Amino acid sequence: MNALTDGIMVTKGKGADAAGTDYSGTIAPTLGAVGTKRFARAVDYFNTASVDSNGEGSLSTNKTANTKAILAAKPYTAAVAGMATPSTDAALTLPTADVTATKKNYLYYTGTNASSVGTAIPILAAPLFFNQTNLPAAPTIAWNSDNVYYIKKSELTSGKTVALKGTWGDDYANADTLSANDNKSGTTLNNFAKVESTSSKTFSLNVASGTTATNNPLNLGTTDTALLGLHTITATINRPTLKLANGETITSNASAKATVNVYVVDDTTSYNVTATKSILISGNKFSQQVVHGPTAGNNQTGDTVTFETDITNKGTASIAKPILSMPLPSQLKNLSGVTATINGATVTATATVTNGMLQIALAKPIPSGGSAVITYKVQATAAMPTGGLTSADMILDGTTFTGSTGTVTLLPAPNGGIEITPPTNLEFGKHKAIPGIYNNTDGDKTLLVTDNRATPGPWTVSAQLSNFSNADGSRKLTGETAKITFGTPALSSAVYTAGGAANVLVSNSTAQTNTAYVFKNIQLQLAGTKIQPGDYHATITYSWTDGVK
């Protein structure tokens, strides 16, 4: 081992070493002779228990000058600074570090050995050489999941730019550089950023059409032929050198790459198109869904997600070649079975996936004033990322942009249990304080049940209604005075008395991960002769149990 280039980190002992650092009580190699997460060897210099009575050690001389007789023999260990548990090489008798001019920069055995009669016999100094076993990890780079996946032509011309963002990681960064290349235009932007280990570890790449922008952009092309269409942009982080324990650097040339697909679309033609995207669960529309990746519990088959996109052409011209386009992340794959209608009539729809982009082409135009509904499915091939996946659709007329949808979100599945997303607040309006049946006035209400257990199976959801009371609690509606019924598709037992026991609301006997129920006829029933006027509120508590009851 080369002590000057690899360095030595002391992990136990008390006293001043060659770096002038006190290592009292240090057992994790984060306070050694190098900075945190820098490249280094870690060495237990001496056995503190054999030096003094309190086990701390009391040597005051330079550790690198002490002989083996003073420093008790300890196993040699190796580690990367910052790791809590050093990995261990083969046990070797610890030498003294000697970096003098005569002995160069190697570790040497020194000290004495006792003869059979007790005489101290000097050990011949001999250099030791070790292979480096803990090589630093390569740098990493990734694009953010919320980057735009399409850019309008108008957003890139006349000196305008669009920023694409990402993150990098390198605990050994030493003036790393970031570069970018666009496969369609063939342009490369070298070293658009330099990063150190103390940087924020985020980066931003500006893209443009042409080179007139002043913020150092990547040129995606100046002609429509080069600019319009799919661009695969590759970002590269390169670590040219590696900073070592003693502050020196050596050539590294470690690198990492990440790609992102961006579609540049022509928006010079004005359309008047509105589009919405929804997730269908049990035939009901949602803006988000919990999605399970392949697990043993679902026979390594990830959840299927059904999307519906509704398009309305409010313009005066037809959409001659309607195409729905959306990015397909690595965690999802397209499934067969796309369906489409235009003005209620079924039309042929063809789905293709190219360079991570799912495109669904309709065989007929969407006329002026017409509407289209496209339904398609994807399946999870891996767990969703921690922050979830957002998805939106772009509507094209051939290669021309006409409009886009809002986003829906696919959420990662939590570990274990069943998650209940209850109906939003129920409103029964204002009425005279007399017996009667009053309908919920706040529209249909949806209950969503997500089974996150390792093996989904039967379950039952129950509900319990509290007493009704006014704001200060001085007036109440209890017992048979007030009841709430949910109606279809709730079970017949779904009648809830104010302050009463819990009753079963719905149950499921199959292994489904997402189940939705829509209640269209929720009613409040008031009875009795002692109903006092007031603004009353109550709480419904939902719970689940395993199995069907």
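**Figure 1. Polar contacts of the His292 side chain with Asp451 and Asn452.** In this predicted model, a polar atom of the His292 side chain lies 3.1 Å from the backbone oxygen of Asp451. The side chain of His292 also makes a polar contact with the side chain of Asn452, at 3.0 Å. His292 is located in the loop between β19 (288-291) and β20 (304-313). With a relative accessible area of 9%, His292 is buried.

**Figure 2. The nonpolar core that includes Phe307 and Leu362.** The largest nonpolar core has 34 residues. Those with the most contacts inside this core are Phe307, Ile311, Leu362, Ile374, Tyr376 and Leu410. At least two core residues are supplied by each of β17 (273-281), β20, β21 (322-327), β22 (332-342), β25 (357-362), β26 (371-380) and β30 (408-412). Strand β26 gives the largest share, 5 residues. In soluble globular proteins, nonpolar side chains tend to be buried together.

Figure 3. Leaving aside neighbours within four places in sequence, Leu362 is in contact with Pro322, Ala340, Ile342, Thr348, Ala349, Ala372 and Ile374. Leu362 and Ile374 are both among the core residues with the most contacts. Phe307, another residue of that group, has Lys277 over the face of its ring, at 4.1 Å from the ring centre.

**Figure 4. The open sheet containing β8 and β10.** This sheet has 4 strands in the order β8-β10-β13-β14, with mixed pairing. Its edge strands are β8 (140-143) and β14 (218-219), each of which pairs on one side only. The pairing of β8 with β10 is antiparallel and runs over 4 bridges. Ile141 stands opposite Trp168 in β10. Lys201 lies over the face of Trp168, at 5.9 Å from the ring centre.

Figure 5. The whole structure contains 8 aromatic pairs. The ring centres of Tyr149 and Tyr150 are 5.2 Å apart and the ring planes stand at 80°, so this pair is edge-to-face. Both tyrosines are buried: Tyr149 has a relative accessibility of 10%, and Tyr150 has a relative accessible area of 17%. Trp143, Phe192 and Phe203 form one aromatic cluster.

Figure 6. Most residues other than glycine have a negative phi. Ser158, which is not a glycine, has a positive phi of about 55°. Ser158 is placed in the loop between β9 (150-152) and β10 (162-169). At 71% relative accessibility, Ser158 counts as exposed. Asn191 is likewise not a glycine and has a positive phi of about 50°. Asn191 belongs to strand β12 (residues 188-195). Its relative accessibility is 43%, so Asn191 counts as partly exposed.

**Figure 7. The cis peptide bond between Thr488 and Pro489.** Most peptide bonds are trans. The bond that joins Thr488 and Pro489 is cis, with omega of about 10°. Pro489 is found in the loop between β37 (479-485) and β38 (495-498).

Notes. Residues numbered from 1 in each chain as written. Predicted model: local features only at pLDDT ≥ 70, side-chain atom pairs only at ≥ 80, totals over all residues. Heavy atoms only, no water. Buried < 20%, exposed > 50% of the residue type's maximum accessible area, 1.4 Å probe, protein only. Polar contact = N/O pair within 3.5 Å; in protein donor to acceptor, adjacent residues only side chain to side chain. Phe/Tyr/Trp six-rings, centres within 6.5 Å; stacked < 30°, edge-to-face > 60°. Lys NZ or Arg CZ within 6 Å of the ring centre and 35° of its normal. Pairing = 2+ DSSP bridges. Core = buried A, V, L, I, M, F, W, Y, C linked by side-chain atoms within 4.5 Å. Contact = heavy atoms within 4.5 Å.
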